[in-house]
Amino acid sequence: MRILLTNDDGINAPGLSVLEEIAKELSDDIWIAAPEEEQSGKGRAISLTHPVRTRKVGARAFAITGTPSDCVLLATHDLMPEKPDLVLSGVNRGQNIAEDTSFSGTIAAAMFGMQLGIPSIALSQSQNFRERGSLPWDTARTWGAKTLRPLLDIGWPDDVVMNVNFPDVEPEDVRGVQITRQGFRDESIIHTDRREDLRGNDYYWIGYKGKLSKPDEGTDLRAIYEGYVSVSPLHVDLTHEAFLQKLKGSWQA
């Protein structure tokens with residue numbers, strides 16, 4: 001199995017090294033194409049208004065001056081001798097659950113792999129739930145391959161990507177794996193922090209508050225809060241089917 005690894009945290013991110021360790025438990029044919037610099041929050045962006053450059057950093061590894069989607073596209077079309085059998089994106093520094101999934105570069109890379117007809121999985125390591133700065137890479141390292149193997153055995157539809165999130169607990173404290181749906185927080189955790197530079201001009205940092213929500217049973221949020229590995233099947237069809245039918249029935253031309 002030829003595996004392509006990518007991420008949105010950049011070519012030097014520790015999570016990419018963890019992902020490589022996970023992949024080596026599944027195959028010895030591993031390729032890497034990751035952004036030269038961090039691309040968190042870039043979503044499904046592709047570079048249309050400027051050229052994208054590549055830098056070879058290993059026999060099968062490339063740093064790319066573009067987005068996560070650019071990385072998957074270039075690796076598949078130009079940098080690899082053959083199309084990969086699997087795309088693994090991550091391991092992201094921080095969870096990609098609930099509404100985070102819509103702008104995550106980690107998930108976007110997996111989405112682009114799916115778009116190219118390649119089974120794809122996004123992996124993320126939750127952080128800061130126990131305390132500020134908590135980030136147990138050993139949890140992803142320990143639970144990665146044993147979470148992926150059953151997924152690969154079962155398989156999934158061509159229009160689906162798998163979203164795997166590891167909880168912010170030590171490996172021995174993980175309570176198991178739950179199959180979940182995407183949740184939605186009851187309060188937005190994105191906030192802006194206004195500051196002033198030395199010339200008296202305002203500038204802003206955009207970031208996250210650490211506030212927990214009250215998620216429903218069966219959601220990715222609840223699973224991560226309770227110490228489970230969350231596995232969610234996602235797809236790019238954003239149609240709200242229930243309202244679609246109601247709208248069709250109510251529409252007056």
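Visitor: In which strand does Ser-124 lie?
Guide: In this predicted model, Ser-124 belongs to strand S6, which covers residues 120-125.

Visitor: Why does Ser-124 count as buried?
Guide: The cut-off for buried is a relative accessible area under 20%, and Ser-124 has a relative accessibility of 0%; Ser-124 therefore counts as buried.

Visitor: Which residues is Ser-124 in contact with, leaving aside its neighbours within four places in sequence?
Guide: With those neighbours set aside, Ser-124 is in contact with Val-91, Asn-92, Gly-94, Gln-95, Asn-96, Thr-106, Val-164, Asn-165 and Phe-166, where contact requires heavy atoms within 4.5 Å.

Visitor: And what of Asn-7, which is found in a loop: why is Asn-7 called buried?
Guide: Asn-7 sits in the loop that runs between strand S1 (2-6) and helix H1 (14-24), and its relative accessible area is 2%. Because buried means under 20%, the value of 2% places Asn-7 among the buried residues.

Visitor: What does Asn-7 touch, not counting residues up to four places away in sequence?
Guide: Beyond that range in sequence, Asn-7 touches Ala-13, Leu-16, Ala-34, Pro-35, Pro-68, Ser-89 and Gly-90.

Visitor: How do you know that the radius of gyration of the protein agrees with that of a compact globule?
Guide: For 253 residues the globule rule gives a radius near 18 Å, and the protein has 19 Å, so the two agree. The C-alpha trace spans about 55 × 55 × 50 Å along its principal axes, and 50% of the 253 residues count as buried. Of the contacts with a separation of 6 or more, 75% are accounted for by residues 24 or more positions apart.

Visitor: How many residues line the second largest pocket, and which lie nearest its centre?
Guide: The lining of this pocket, whose volume is about 400 Å³, is made by 19 residues, with Thr-101, Ser-102, Gln-182, His-235 and Leu-238 lying nearest the centre.

Visitor: What gives the most to the lining of the second largest pocket?
Guide: Helix H3 (105-115) and strand S11 (229-234) each supply at least two lining residues, and H3 gives the most, with three.

Visitor: How do the residues of that lining divide into nonpolar, polar and charged?
Guide: Eight residues of the lining are nonpolar, seven are polar and four are charged.

Note on methods. Residues are numbered from 1 along each chain as its sequence is written. This is a predicted model: local features need pLDDT of at least 70, side-chain atom pairs count only at pLDDT 80 or more; totals for chains, interfaces and linings use all residues. Side-chain values use heavy atoms; hydrogens and water are left out. On a 1 Å grid over the protein atoms alone, a cavity is a set of points where a 1.4 Å probe fits but cannot get out, and a pocket is an open set with protein on both sides within 12 Å along at least five of seven lines; lining residues have an atom within 4 Å of a point. Grid points are joined across faces, edges and corners, and a volume is the space filled by probe spheres set on the points. Helices (H or I, at least four residues) and strands (E, at least two) are DSSP runs, numbered from the N terminus. Ala, Val, Leu, Ile, Met, Phe, Trp, Tyr, Cys and Pro count as nonpolar, Asp, Glu, Lys and Arg as charged, and the others, Gly among them, as polar. The radius of gyration is taken over C-alpha atoms; the globule rule is 2.2 Å times the number of residues to the power 0.38. Buried means under 20% relative accessible area, exposed over 50%, partly exposed in between (1.4 Å probe, protein chains only).
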